[in-house]
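Keep the model open beside you as you read.

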Amino acid sequence: MRRRENLKKYDASVIEEEILQKWEKEKIFSLKSKKSDPKFYMLEMFPYPSGEPHMGHARNYTIGDVIARVMSRKGKNVLHPIGFDAFGLPAENAAIKNGIHPKESTMSNIEKMRTALKRMGMSYDFSSEIITSEPGYYRWTQWLFLVLYGMGLAEKKEAPVNWCGSCQTVLANEQVISGRCERCSSPVEKKVLSQWFFKITGYAQRLLDDMEIIKDGWPERVLTIQRNWIGRSEGAVIDFSLYGKDCKGSDVTVPVFTTRPDTLFGATFFILAPEHPLVESIVVGDEYIKEVSRVKKLISGQSETERGDAETEKIGCFTGRFVINPLSGEKVPVWIANYVLLEYGTGAIMAVPAHDQRDFEFAKKYNIPIREVISPDGIVHENTGSAYTGEGFMVNSGQFNGLESVKGMKEVTSLLEKREKGRFEVNFRLRDWLISRQRYWGAPIPIVYCDRCGTVPVPEKDLPVLLPYNVDFRPTGLSPLAYCDDFVNTACPSCGGPARRETDTMDTFVCSSWYFLRYCSPHDDRAAFDSAEVDYWMPVDQYVGGIEHATMHLIYSRFFTKALFDRGLVKFREPYNNYFPHGVVNLGGAKMSKSKGNIVNPSEIYNKYGADTLRLYILFMGPADSPVDWSDSGAEGSYRFLGRFWRLINDNIGTIKKAGYTRGTAARLPGDREKELMGKLHRTIKKVTADILERFNFNTAISAIMELVNLACKYRDEVPEERKNVAIVKEVTIKLLLVLSPIAPFITEKLWMEAGNTASIHRVPWPDYDPEMAKEEFLTIVFQVNGKLRDRAELPADISVEEMEKAALASGKVKKFTEGRKIVKVITVPKKLVNVVVR
RNA sequence: GCGAGAGUGGCGGAAUUGGCAGACGCGCUAGACUUAGGAUCUAGUGGGCUAAAACCUGUAGGGGUUCAAGUCCCCUCUCUCGCACCA
C-alpha cells in the first residue's frame, strides 16, 4: 500500500472556512460578467425567512447554484439573485406568542439564512439582495397595486370568501386545500365580506393560451395542474323565467350555466344554491318559508369540507315556485340543494336527473320525475339505475328528436340565442384572486376612503404607505392596523378632507408576483424596475422551485406579467421560459416536520461533513424532480467519496510536481491504460455537461464523475510512479477538478490552489470534450441466439457488420446453441449486438 | 370519480433512440493494514442450482407485438400527486 505520511487529511470545516474567507475577500459570489455576453437569468424561488434554511431549501438552491455556475463557466452573463419573501403570518404569530416584533424576528432570521446560504457555497450576488418587507420594496408592490387598480384589475367587492378562524383572516381560493387552510390546516368557513380582489379571471383564457409559449420549458404535469385549476368549460347560459303572477318578480329570469344544453328537455327540476339572493325574494307562503329556512339552516350547519365532499348526502327542498323551460314551455319546480354552489357558474342549475349522476341521486331521493332525453341507441328506455352521461341521440326533445347529442348542443343553443333565451358561454373554475388580509405583517393596500370622494387611490408621490411599527397585532378578525388611529386617520388625497385608510394588508403572494423584475435593478429608487435592465435580463431563463406553487405563485406571477404587458410596462408575456420543479426531501418516508420531530437540518450536515458533502449528497440522492428520502449513511458515503477525491488529486499533484524536475517522464507515449483513462475522461465531460444542462440529472452526472475517479485511482495505484504519463495525469486532474467544481465548490477551489493556481477555479471556463478522444476504441459486442445472451466479445469500434457476424458465428458458445439447428437469419446492430435466429 | 405520473436487488437509484438489466452509492460478507477501527485498501454481493464453471430464472401481476421488451400495446393490482357535488 502507498504511504502518505505527508498528506493532509481531508478536513472539510478547515478547508471550507478558509475558502469562504478567500471568496469574501475577493468578492466572487456574483456570476455577472459583461453585458455583451449572452445573458442567463437563473432564479430559484426566494425563501420565506423562517430561520435556518431546511433541506428543501438546500435542495432547491443547490440545483440552481450548479446550473448557474456551469452557465457562467460556459461564458454566460449570469444573474443569480437571492432575496427574502419576508412578509407573512409566521413572524406575526411568533410575535403574538413571544412578544418579539415581526420586523426584528424577520431581520434576524434573514441574517441566519443569509449566513447559511453563504456557508453552503451559493453563488448569489448578495449585494443585490431584496427584502419584500422593506419600504424600499413594498413601496413598489403598492405602486403595482395602483397600476392594476388603474387598469380596473383591482376591485373591492362583496363576495362569499374563505375565512380561516385560526389565522383570523381571509384566504384566496388557492390557499384552501380540500377545505382547509393551506398554512394551519384548520377548516375554512365561508363568510360574506367586502374584500379586495385582483381580477385574474379576466386573464383565464390567456393563462391557458400562453401555455403555448412556455410548453417546451415547463413540465407537462405543471401545465396540467394549472389547466385543471383554471377549469375551462364550454357550454351555454340558459335563461329560465320565473313563473307566477302573484309575485312582484314575475318577469325575473334566472340564468343557469350548463355544459349540456342538449339535455334541456330533460330538466325536470331546477335548483338554486341555498345562498342565492333570489331564494329570499321568491319563497312565499308560511309553509314554504319555514321549510326553506329550516333546510338552509341545515345546510349552513355543514362545514365547507363536509359540503364540498361528494360523499355527503344531498339534501334540499322545494321552494314552492316554478320556472319556465324556455324551449318546451314546461313548468319546472324550483328547489334548493346543498350540492349547488353559489360561486360556480350562476349559482343555479337546471337539473337533468337522467343524465347527471348528482341530479339523479337527488331526484331518486325526493321522487322527482326522471326523463330520458339522450339515448345511446336512439330508443327510449325506462328506469335506468344511474344517469347516462355519454353521448347519443336526442329523444323526448320535441323538434330535436333523433339528433345526435353533440350536434344538439349547438343547435339547442343557437335556437335559444335566436329567441334571446340563452347564448354560448365559456365558464372558468378559476376565481378572482382575493388579496386582502386582516393581518399586520404585510404591505398596506394603498387606498383611502373619503366620505365625499369615496374610494381614492393613494397618489404615487405619497408612496410608500408605511406600515406603522408600534401596533397591537393580536388577531381580532380585523386588521391590527384598524386599531392604529395614527395610521387610519388621514387626509383625502383628492379633496383634503378627513378620510380613513384601508387597513387590510396584501397577500404576500402579491410581493412575490413581481420580485423577478426587481432583481434586475434592485436598488432603483425611482421606479419598480428599470426597463432597460428588465429588457436585458427577462424572461427568467431557468426557474427552480417547488411544484406546490403550481396554482398559487406560478399562476399569480404569470397573471401579473400579462397585466404589466398589457399596460406596456414589460415586453414579454411570460415570466419564466423554463421551470423545473424539484422534489421534496423526506425523512423516514414522511415529510420532514417540526411537529413530527423528524428533521435533519442542512447545518447539521455541513457542520459535520462540510457543505460540499451536503451539496454532493443532496444531488446524488436521486433525480432532482422526484421526492427523496434523507439517509445519514448515504451522506457519509458522499463524504467518503470527497475524501477519496482529495487523496487522489493530492497524489496526482505530487506526481506532477515531482515530474517537473525529473525531466523525461512527460514524454511517454500513451499506452492502453492511458487511452482508456483519456477516453473515460472525455466521455465523462460529455456526460456531465449534458446531464446537468439538458437533463437536470445531477445524480447520474455525479456517478459518472465517481466512475472516472475510480478509474483514475486505479491508474494511480497500479501504474508505477516512474511509468506514469504525467501529461495525462495532469489533464485528468485539472478536468476532474473542473467538472466537480460547480457541485463541490470548496474542495475543488482548495485543491486548485494546491495545484499552484492563484485565480479562482470558478472563473475557469467549463471544459469541452474532444469527440475523437471520447470515442471508444473497442466495444463489447453482445452475441445472442434467439434473443438470449450467449457470449460477448471486445471488438474494434469500427468493425463492419459482416465481420461482427463472422465473429459471432465463430464463437464457441454461440455454436453450442446453433449446432444442429437451422439459422433462419442473423440480425446485426452496429456497435451493439449480433442476434442469431435459429429454428 | 376525473386527470397526471410511478412500480427495477436488503436500500437510494442507473439503463438517454426497443438492443449486455442492476451503472454509481449505501448496506452486508470476507480479507489486508493495524494497539485498535466506526479510517483506508482489496475481493465478493438479484435469485436458483453449483466445489467451480456451465445453465436456468429475474424489472408489481397477467396477456400481446417483436429476431429482441424494464422500455411499445391491452387488462389487473398497488402507490404518489393534482382536481373533486364545477353543473
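RNA strand B is surrounded by 57 residues, where near means that a heavy atom of the residue lies within 4 Å of the strand. The closest are Gly308, Lys314, Arg358, Lys687 and Arg792. This is a predicted model, in which local features need pLDDT of at least 70 and side-chain atom pairs count only at pLDDT 80 or more, while totals for chains, interfaces and linings use all residues. Residues are numbered from 1 along each chain as its sequence is written, chains are lettered from A in the order in which they are written, and side-chain values use heavy atoms, without hydrogens and water.

**The surface near the RNA**
- The surface near RNA strand B has 22 nonpolar, 17 polar and 18 charged residues.
- Helix H23, residues 698-718, gives the most to this surface, with six residues.
- Of the RNA strand B atoms within 4 Å of the protein, 63% belong to sugar or phosphate and the rest to bases.

- For a base oxygen of RNA strand B, the distance to a polar side-chain atom of lysine 687 is 2.4 Å.
- Threonine 259 has a backbone N or O atom 2.5 Å from a sugar or linking oxygen of RNA strand B.
- In arginine 695, a side-chain N or O atom is 3.1 Å from a phosphate oxygen of RNA strand B.

**A look at aspartate 691**
- Aspartate 691 sits in helix H22, residues 672-693.
- Aspartate 691 counts as buried because its relative accessibility is 3%, and buried means under 20% relative accessible area (1.4 Å probe, protein chains only).
- Leaving out residues up to four places away in sequence, aspartate 691 touches Phe696, Asn697, Thr700 and Ala701, with contact meaning heavy atoms within 4.5 Å.

Key. A polar contact is a pair of N or O atoms within 3.5 Å; within protein, one must be able to donate a hydrogen and the other to accept it, and residues adjacent in sequence count only if both atoms are side-chain atoms. Helices (H or I, at least four residues) and strands (E, at least two) are DSSP runs, numbered from the N terminus. Ala, Val, Leu, Ile, Met, Phe, Trp, Tyr, Cys and Pro count as nonpolar, Asp, Glu, Lys and Arg as charged, and the others, Gly among them, as polar. Buried means under 20% relative accessible area, exposed over 50%, partly exposed in between (1.4 Å probe, protein chains only).
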